[in-house]
Amino acid sequence: MKILVCMSQVPDTTTKVRFTPDGKSFDATGVQWVINPWDELSLTRALELKDDASTGVTQVTVAHVGPVGNEPTIRKALAIGADDAIRVNTESNDAFVVSSQLAEAIRQNPYDIILCGIESCDFNGSSVGGMVAEMLGYPSVSAVSSLKIENGQAILSREIDGGKEILTVPTPFVAIVQKGITKEPRIAAMRGIMVARTKPLKVMEPIATEPLTSLLQFEKPQPRAACKLIDAENPQQLIELLQNEAKVI
Amino acid sequence: MAILVFTENWEGKFKKLSYELASYAARIAEMMNLPAMALTIGNPDPDELEKLGHYGLKKILVAHGKNLGTLDNQVYASIIGDIALQVSASVLILSNNGTGKALAPRLAVRLKAGLASGVNGLPISTEPFVLRKRAYSGNAFAHVAIHTPVKILTLSQNSFELIDKQSKAEIETFQVTPDSNLMKTKVTDVQKQTGKLLLTDAEIVVSGGRGMKSPDNWGPLIELADLLGAALACSRPVSDEGWRSHEEHTGQTGKVIAPNLYFAVGISGATQHLAGVSSSKYIVAVNTDKDAPVFEAAQYGIVGDALKVLPKLVEAVREMKSK
Ligand SMILES: Cc1cc2nc3c(=O)[nH]c(=O)nc-3n(C[C@H](O)[C@H](O)[C@H](O)COP(=O)(O)OP(=O)(O)OC[C@H]3O[C@@H](n4cnc5c(N)ncnc54)[C@H](O)[C@@H]3O)c2cc1C
Ligand SMILES: Nc1ncnc2c1ncn2[C@@H]1O[C@H](COP(=O)(O)O)[C@@H](O)[C@H]1O
């Protein structure tokens, strides 16, 4: 069984988000780029499954659509333990374009399980997993919080309002992963970093696709009014404000 | 042509977010001079349908069929996609909840439609079609233009007001027989708490962080939530430590919520936490550290020890309720 982990690269989650003065693009000066946290968790889970011989998982590949400048992040994924990587050499913030590239890579070299994160922390598209699945005609399960393989059968749980569902799905499928899939992301050990340099990273040229959307402008949320402080000895004053000023209780 | 909105039902019932979606669809329909229609799958109660109709919908389509009880993304997307084609939907709207996020991307491919997810508010313009959406996990908004003839968007919860027009929608019920080849997922077990107020539905949320010191101190927080009819939430370390259930964790890697009122008690206000709650209308912070970043996000704050402040707050709410 082979697992493909789709990986996007995002600014470190503690980054103070800034834009260029015209508001048209993200200001990347001084920004640390990291593996999208969901993808880091997916990768960790994929490697855990591979570590357990009973699952029959023999290969974990990461796929990234992005320019050559993103290769350090791909190498990070290899250092964490992925066997090999694919990079489709194009850059787009349109989910349809990104998904078309991933779907094409998968068509050329199919996988049994494809893992995507629930969203990229930058553009919050929540799009790529479902799009790839539809393009390939594969089933998709979203909000996946657990993934096991028993006797060759994938067993997933999915978060629903107020609980979860346990379900099975035949391979190939796309799982769109969220919290719970594993506890902590794996980090690269020194040895991993050394071997990552020599692991295969295949570069594919993109297929032609037209974006269906474009990003015109960014804006920061309105700064909130200054916080009104209430004396700790007098919390009833807070209740009065919530009742009469904010009118929310 | 029409504006089509997918309004999920929960065991036959709609929720506030369904009325939000309907109000929103009706408003866009007005802007574009088209009728607003809703589609729901399953067996909604007749009076629920009537109520949904009040929010400016011309028509509600109800798709019945066998084996539609659980969400199979492929089957649901095929049903919604077919209807969208039949009514020539020019805009298709879903909620930015679990179901909407599962279906919208598949529909985008089926209908070759541009998708904007996590949209806040009405289109900035309809020609070209430009929307304002959540970006950088709540730290920014992006304006997205959709270029395709069919447009799909998922609407953030609690981002549009209800507009009850007391209108009456025509109800059309029909049978669907999904292609059995598409039905590939099989739900083998459901583990669900019933009767509990869901965090994602709650208007008021009371949330505790590591500043609560121990799970044994949650009593007054629970009491406050009960008195206010609020749901409980927590920061990630609190659920990681097992002090509270994972269900309650809010933030970038937890639930993203937008209640009217969010109490952040003993929570420092890390960006990853705020990413899940910054769309709340009002935030109240209780923290011993006057410089905690949570006070920058809050409108009301108390600098003090939560364990001392909470009992007093509970008392004050009780007094207010008794008046
Ligand atoms: C990739 C990534 C994703 C993350 N996702 C999330 C997420 O989704 N949600 C999330 O919450 N975190 C998330 N985090 C963690 C986040 O960075 C913070 O570590 C976390 O939110 C801190 O939780 P806290 O505020 O409860 O604890 P702390 O940061 O320890 O803050 C405790 C606060 O309580 C105050 N305090 C102490 N004693 C008292 C008292 N007696 N009374 C009142 N106040 C008191 C302190 O002054 C302090 O401000 C994520 C981190 C990463 C790296
Ligand atoms: N450029 C990309 N290359 C590979 N995978 C991606 C890319 N962008 C998004 N993904 C995958 O899709 C998930 C959701 O991203 P998005 O739809 O952008 O919110 C991510 O967690 C990744 O798994």
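How many cavities of 30 Å³ or more does the structure hold? In this predicted model, the count is 2.

Sorted by class, the lining of the largest cavity comprises 6 nonpolar, 7 polar and 1 charged residues. Helix α7 of chain B (residues 271–277) supplies 3 residues, the largest share of this lining. Residues of the lining are also assigned by domain: in chain B, both domain 1 (2–182) and domain 2 (199–322) contribute, and the largest cavity therefore lies between them.

For the second largest cavity, the volume is about 40 Å³. The residues that line the second largest cavity are B:F6, B:T7, B:E8, B:L17, B:L21, B:S95, B:N97, B:T99 and B:G100. At least two residues of this lining come from each of the helices α1 (16–32) and α4 (98–110) of chain B. By class, 3 nonpolar, 5 polar and 1 charged residues line the second largest cavity.

Aromatic contacts were examined next. A pair of aromatic rings is described by the distance of the centres and the angle of the planes. With ring centres required to lie within 6.5 Å, the count over all chains is 10 aromatic pairs. In one of these, A:F19 and A:F26, the ring centres are 6.3 Å apart and the planes stand at 75°, so the pair is classed as edge-to-face; the cut-off for this class is an angle over 60 degrees. A:F26 also pairs with A:W33, again edge-to-face, at 6.2 Å centre to centre and with 70° between the planes.

Solvent accessibility was computed for the residues of these two pairs. A:F19 has a relative accessible area of 14% and is therefore buried. A:F26, with a relative accessible area of 15%, is likewise buried, the cut-off being under 20%. For A:W33 the relative accessible area is 29%, so this residue is partly exposed. A:F19, A:F26 and A:W33 belong to one aromatic cluster together with A:F218 and B:Y136.

Charged groups positioned over aromatic rings were also identified. The charged end of A:K2 sits over the ring of A:Y111, at 4.7 Å from the ring centre.

Key: Residues numbered from 1 in each chain as written. Chains lettered and ligands numbered in written order. Predicted model: local features only at pLDDT ≥ 70, side-chain atom pairs only at ≥ 80, totals over all residues. Heavy atoms only, no water. Phe/Tyr/Trp six-rings, centres within 6.5 Å; stacked < 30°, edge-to-face > 60°. Buried < 20%, exposed > 50% of the residue type's maximum accessible area, 1.4 Å probe, protein only. Lys NZ or Arg CZ within 6 Å of the ring centre and 35° of its normal. 1 Å grid on protein atoms, 1.4 Å probe; cavity = no way out; pocket = protein on both sides within 12 Å on 5 of 7 lines; lining within 4 Å. Points joined across faces, edges and corners; volume = space filled by probe spheres on them. Helix = DSSP H or I, 4+ residues; strand = E, 2+ residues; numbered from the N terminus. Nonpolar A, V, L, I, M, F, W, Y, C, P; charged D, E, K, R; others polar. Domains from an automatic or database assignment.
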